[in-house]
Amino acid sequence: MAELPEYYFRVRENGAAVFRVDSETRNRRIEMDQIAVLNIRNGEIKPQGSRELSETDMAAIHDWMEERRAVLARRDIDDLFRAIDYLNITTQWVQSKATDEQLEEVTDALLLAMHDLRSMLVRKKADRITKGQPQE
């Protein structure tokens, strides 16, 4: 059997529950002892019960949090590229397959969402351009 990691992180909505993994038990069972709960958004780490976390525990937790933030950031960008693809697929559907009834059902919601998105993109683009210019 491959060697198991020393820690297991059970992902939760805002972070993870942290377990120390012990596979060296007498009965060859894997035991997982919860040692902490962490919040990825605010960086809070709460030891489980009255437990004190070691420097090794804290280092493993901080490493995981850094890696997790990077994964989540990549997913955000990937989701946006998927949204672009989906907009293109939607355009093709409107042009080639949509019935009048289907268009009536979705047009207002799509137009409002696209207007909102366009407005925000234009505002953010203007902010970036303005930041790049010298102030008078």
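Modeller: Let's begin with naming: helices (H or I, at least four residues) and strands (E, at least two) are DSSP runs, numbered from the N terminus. This is a predicted model, in which local features need pLDDT of at least 70 and side-chain atom pairs count only at pLDDT 80 or more, while totals for chains, interfaces and linings use all residues. Residues are numbered from 1 along each chain as its sequence is written, and side-chain values use heavy atoms, leaving out hydrogens and water.

Biologist: Thanks! Where is K124 found, then?

Modeller: K124 belongs to helix α2, which covers residues 100–132.

Biologist: Why is K124 called partly exposed?

Modeller: Buried means under 20% relative accessible area, exposed over 50%, and partly exposed in between (1.4 Å probe, protein chains only). K124 has a relative accessible area of 46%, so it is partly exposed.

Biologist: And what gathers in the patch of positive charge on the surface?

Modeller: R123, K124, K125, R128 and K131 make up that patch. Patch members have over 30% relative accessible area and no salt bridge, and like charges are joined within 9 Å.

Biologist: On to the rings: how many aromatic pairs are there?

Modeller: The count comes to two aromatic pairs. Rings of Phe, Tyr and Trp (its six-membered ring) pair if their centres lie within 6.5 Å; planes under 30 degrees apart count as stacked, over 60 as edge-to-face and the rest as tilted. Y8 and F19 lie 6.1 Å apart, centre to centre, with 40° between their planes, so this pair is tilted.

Biologist: What parts does that pair tie together?

Modeller: Y8 lies in strand β1 (residues 7–12) and F19 in strand β2 (residues 15–22), so parts eleven residues apart in sequence are tied together. Y8 is partly exposed at 39% relative accessibility, whereas F19 is buried at 6%.

Biologist: What makes the pair of F9 and W64 stacked?

Modeller: Their ring centres are 4.7 Å apart and the planes meet at 5°, so the pair is stacked. With F9 in strand β1 and W64 in helix α1 (residues 55–96), the pair ties together parts that are 55 residues apart in sequence. Both F9 and W64 are buried.

Biologist: How do you know that D57 and R20 meet in a salt bridge?

Modeller: The rule asks for a side-chain nitrogen of Lys or Arg within 4 Å of a carboxyl oxygen of Asp or Glu. For D57 and R20 the N to O value is 2.7 Å, so the pair qualifies. This bridge is one of four found in the whole structure. It links distant parts of the chain, D57 in helix α1 and R20 in strand β2, 37 residues apart. D57 is buried at 2% relative accessible area, and R20 is partly exposed at 25%.

Biologist: Which residue forms a salt bridge with D33?

Modeller: That is R51, the closest N and O atoms being 2.9 Å apart. D33 is in strand β3 (residues 31–39) and R51 in the loop between β4 (45–47) and α1, 18 residues apart. D33 is partly exposed at 37% relative accessibility, and so is R51, with 27%.

Biologist: What separates D78 and R82 in helix α1?

Modeller: About one helical turn, because they are four residues apart. Their side chains form a salt bridge of 2.8 Å, N to O. D78 is partly exposed at 33% relative accessibility, while R82 reaches 51% and therefore counts as exposed. Salt bridges that share partners join D78, D79 and R82 into one network.

Key
Patch = residues over 30% accessible without salt bridge, like charges linked within 9 Å, V, L, I, M, F, W, Y side chains within 5 Å. Areas by Shrake-Rupley, 256 points an atom, 1.4 Å probe, with all protein chains shown as cover. Lys, Arg positive; Asp, Glu negative; His and termini not counted. Charge placed at Lys NZ, Arg CZ, Asp CG, Glu CD.
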